[in-house]
Amino acid sequence: MKASPGGILAAYRHIDSATEAIGALKKSGYDDFTVYSPTPNEELLEAVAHRVSPVRLWTLFGGLTGLVTGFAMTMWMSYDYAIVVGGKPIGSVIPYIIIMFELTILFGALSTLVGLAFHAWRTNQRGPFDGRFSDDHIGIFVPCPVERRPAVEQLLTAAGATEVKVEIG
Amino acid sequence: MATTAPPDSMPASQPTYADVTRDVAATLGNPTKGYYGLLAFVITILLIGVGALLYQIRMGLGVAGYTPPVMWGVYITTFVFWVGIAHSGTLISAILFLFRSAWRTAVYRTAEAMTVFAVMTAGLFPLIHVGRLWYAYWLIPYPNQRGLWVNFKSPLVWDMFAIGTYFIVSTCFLILGLIPDIAAIRDKATGWRKKLYTITALNWRGTDQQWRHYTRAYLYLAALATPLVLSVHSVVSWDFAVSIVPGWHATIFAPYFVAGAIYSGVALVITLLIPLRIVFRMERYITTDHFENLSKLLLLTGMIVGYAYVVEYFMAWYSGNTFERASFWNRAFGDYWWATWTMIICNGFLPFLLWFKKIRRCIPALLVISLFVNLGMWFERFVIIVVSLSFEYEPYAMGHYTPTWVEWAILSGSFAWFFMWFLLFAKNFPTVSITEVKEIIPMPRKRAS
């Protein structure tokens, strides 16, 4: 496991302090920082301003794959073992819609989870963590070299951090 | 997640974020003697059920009370009952999530867990019913030496796909919702629980990137789960509706079954939440307002079910079909009149009490009503399945089915199986969502304070 990078870690109790700090960091040219929060929060997400997650594409392509798989599987297996049941056509599309629908949902759901795991891994933000960030505090970690740490520390404190500490990587 | 409605429904003495974590964490660990006693009781009942199943496997299906033409009995009744129970969980967690309904946050976890355990219970019954359960894998389309494939026109195969998908998706939904909560508990826990939660939290730290992907994934899973809820019980209803048995062959079966499923599921959610709220001292989070909202849902679905009963009888009369008319007359006044009237009174008349606000806000009354609704819904399935089969077309082919002790023991074992999982879950994982309850509490502001 790679070690955490060095930088400044700040804890906030107030949402507006945290969004103010994020705004100030962006204005100062910092983009590579991590924001920890106990819940997903609209204001924080807006302040961080990420693009919409690409997980939705996994859902779409997973669902379409399920649909095609459902159709191909039912039709191919029906003709591969061609036996008339109940006087119905060998390949009866209407009852097969049930299988196609279920596989659309199943593949869509599973690929959503795979997409989530993949993107969470790809955009993994290393950095120190504090148990308060899953409880009632918002955390901001700014990785930065030693010479820039005093300026960042001052910026985060000015926004209203309850605690700011230097993390040595 | 991320965009639930504003906190209109929170009580005046609003808990803080720290209160939520502390109060929910307090429900985990340190089980009492009462808990172990209850767990021992359900495991004993489960063992009796397992014993009865082993006896049936040893002796054959003849030990069940099947009497031609009634070859679907308690097992299929109980299968449909448990699949129905499973429906309200996803309704509360997925559909109400998409509607941004804030009140669901305190109750949805219990409903979701109930869904998963109910599907696990339901899935056992088709296997028990077919007898040789070790051949269950024949339902899966797998390559084999004889080049045989499953019959995709068979409702049994539809069930396998529908219920299998429902089980996987609802389990994923439950686990996904649990991850941030487990992380919150992890940061408070000690000892072996800390290790357990560290592993099961999957390195969750609540970073902006994690929330970014998580909220999207949760939204799309909810969007996928919503039509799935409607489809699964529709597919189960088609097990009956595609046949020509009088009392089954009706176009209203899918909506009728879906409404009935949600009705019974909401009733069991109420049944579970009432003791849970008292034992875990969760009155601050699961309030009377929550029960009132659940009872409104019960009232709505109860009215739909009651309407479906009326429509069934109307169609039997209006169709002019002699067999349909005879079948429905037999339901109400034949050998099984007691089952039909239990169903009608519990499901058709009892929900009318919920029109009164005082009853909707009276917890003991709701507990009694929810228990009767569950009883009525089990009998609804019994009436649809057993009574219809016992009275088909030819008088010489009519028969009377009485369940045997083996079937009652397996039925009891299924309840014990369900409650065993629920008890284990309730003491080891948060039954109230920490993250989502926090979401409806506004974060403190420097300027306001």
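Domain bounds, as used in these legends, come from an automatic or database domain assignment, and the structure shown is a predicted model.

**View 1. The two domains of chain A.** Chain A is divided into domain 1, which covers residues 7-50 + 126-167, and domain 2, which covers residues 55-122. Taken over C-alpha atoms, the centres of domain 1 of chain A and domain 2 of chain A are separated by 44 Å.

**View 2. The open sheet of chain A.** In chain A, four strands are arranged in the order E2-E3-E1-E4 and form an open sheet with antiparallel pairing. Strand E2 (34-36) and strand E4 (163-167) of chain A each have a single partner strand and stand at the edges, so one side of each is left without a neighbour in the sheet. On average, and with direction ignored, neighbouring strands of this sheet are turned by 15° against each other.

**View 3. Strands E1 and E3 of chain A, with helix H1.** Strand E1 (residues 7-12) of chain A pairs with strand E3 (residues 138-143) of chain A over six bridges, in the antiparallel sense, and Tyr12(A) stands opposite Ile138(A) in E3(A). Helix H1 (residues 15-27) of chain A packs on the sheet, where it touches E1, E2 and E3 of chain A, and its direction makes about 15° with that of E3(A).

**View 4. Helices H3 and H10 of chain B.** The axes of helix H3 (residues 74-85) of chain B and helix H10 (residues 253-279) of chain B come within 7 Å and cross at roughly 70°; H3(B) and H10(B) are therefore roughly perpendicular to each other. From H3(B), Val83(B), Gly84(B) and Ile85(B) meet Gly260(B), Ala261(B), Ser264(B), Gly265(B) and Leu268(B) in H10(B). By class, this contact of H3(B) with H10(B) has four nonpolar and four polar residues, and no charged residues.

Terms used: Residues are numbered from 1 along each chain as its sequence is written. Chains are lettered from A and ligands numbered from 1 in the order in which they are written. This is a predicted model: local features need pLDDT of at least 70, side-chain atom pairs count only at pLDDT 80 or more; totals for chains, interfaces and linings use all residues. Axes are lines fitted to C-alpha atoms, for helices over the stretch in contact, and angles run from 0 to 180 degrees between N-to-C directions. Helices (H or I, at least four residues) and strands (E, at least two) are DSSP runs, numbered from the N terminus. Angles under 35 degrees count as roughly parallel, over 145 as roughly antiparallel, 65 to 115 as roughly perpendicular and the rest as oblique. Two residues are in contact if their C-beta atoms, placed from the backbone, lie within 7 Å. Ala, Val, Leu, Ile, Met, Phe, Trp, Tyr, Cys and Pro count as nonpolar, Asp, Glu, Lys and Arg as charged, and the others, Gly among them, as polar. Two strands pair if DSSP finds at least two bridges between them.
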